[in-house]
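Dear colleague,

I am passing the structure below on to you, together with some notes on what was found in it. Please look through the structure first and then read on.

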Amino acid sequence: MRIDLHTHSSASDGTEPAEVVVAQAARAGLDVVALTDHDTYAGWPAAVAAATEHGVAVVRGIEVSCSHKGISIHLLGYLPDPGHHGLDRELARARESRVTRIERMVERMAADGIPVTLEEVRAQAGADTTMGRPHIADALVASGFVRDRAEAFADILRNGSRYYVSHYAPDPVRAVELVRAAGGVPVMAHPFANRRGWTVGDDVIEAMAHAGLAGLEAAHRDHSEDERVHAEALAARLGLFTTGSSDYHGAGKGNQLGENTTTPKVLARIEEQATSGVELVRP
Ligand code: AMP
Ligand code: FE
Ligand code: FE
Ligand code: ZN
């Protein structure tokens with residue numbers, strides 16, 4: 001069984017529609033794929049429909065943007081109830097703040113002579129899409145200012161760039177509580193990926209564990225070997241399980257479907273812990 005529990009579609013910053021991600025998962029030889037778009041459930045219906053068509057099981061998930069003392073944290077939530085108002089309100093608030101934040105980033109960039117407008121960024125995303133820096137990157141690619149997303153992120157869009165503006169995001173402890181309240185299973189994404197930017201200390205993860213965190217994503221390409229080992233050790237100490245995933249973003253990033261995988265045993269624990277009534281979709 002090959003299981004990849006972290007992917008993105010064009011409902012957020014992946015480049016392919018959700019049904020294409022599921023089709024690609026089948027072609028990559030996966031048996032189970034989770035769709036975990038940033039702050040939205042919008043890709044779920046298309047992913048569910050594609051599960052039967054392509055013979056892949058689909059886990060409906062999300063990746064909740066969180067922020068702790070200015071440090072950005074991502075929390076994967078598996079099988080939550082999309083009708084839970086508390087969680088949905090936080091996701092909506094983050095999505096709205098992401099738009100304002102892009103406006104401000106674009107203003108800063110334009111003031112510095114980087115040719116990009118909010119309209120050009122919007123044109124890179126669908127009406128229902130969670131907007132992010134990758135869409136600014138896509139606008140810069142479209143105008144020929146950079147070659148690809150990686151080039152845009154190397155300087156202009158990186159964390160700590162002079163153009164960087166943060167957006168609203170809930171504290172991770174509150175996000176863990178909300179995912180549990182929605183009957184979902186919270187797993188912290190790439191917890192120690194220092195190459196992505198600042199990461200939180202073990203104490204914050206311990207607080208998340210007390211709030212109901214279920215697991216840590218240990219096998220992820222943004223972790224060094226030491227960071228992966230540290231995630232495994234901390235998970236063991238806190239009684240959490242560990243997952244491995246690709247964090248596939250279509251053509252937007254080098255991450256390949258199935259490059260890291262999760263064991264069937266851990267998937268079974270996720271299914272057992274979910275209380276939302278949202279089930280794994282078997283083809
Ligand atoms: P945001 O959530 O708007 O702050 O943007 C962060 C997103 O940018 C992450 O979820 C990644 O998918 C994407 N990203 C970060 N670094 C890179 C990179 N070097 N190349 C492509 N995408 C990136
Ligand atoms: Fe992303
Ligand atoms: Fe992430
Ligand atoms: Zn992700």
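Along the chain, the donors of the iron ion (ligand 3) follow the spacing E-x10-H-x115-H, where donors are N, O and S atoms within 2.8 Å of the metal (3.2 Å for Na, K and Ca), and sites may look incomplete because water is not among the atoms. The protein donors are E63 (OE), H74 (ND1) and H190 (NE2), which lie 2.1 to 2.2 Å from this ion. E63 belongs to strand β3 (residues 57–68) and H74 to strand β4 (residues 71–78), 11 residues apart; helices (H or I, at least four residues) and strands (E, at least two) are DSSP runs, numbered from the N terminus. Both E63 and H74 are buried, with buried meaning under 20% relative accessible area, exposed over 50% and partly exposed in between (1.4 Å probe, protein chains only). The iron ion (ligand 2) is 5.6 Å from the iron ion (ligand 3).

Please bear in mind that this is a predicted model, in which local features need pLDDT of at least 70 and side-chain atom pairs count only at pLDDT 80 or more, while totals for chains, interfaces and linings use all residues. Residues are numbered from 1 along each chain as its sequence is written, chains are lettered from A and ligands numbered from 1 in the order in which they are written, and side-chain values use heavy atoms, with hydrogens and water left out.

Elsewhere, E119, found in helix α4, counts as exposed because its relative accessibility is 56%. A207, in helix α8 (residues 202–211), is partly exposed, since its relative accessible area is 33%. The C-alpha atoms of A207 and Y248 are separated by 28 Å, and these residues are 41 residues apart along the chain.

Best regards
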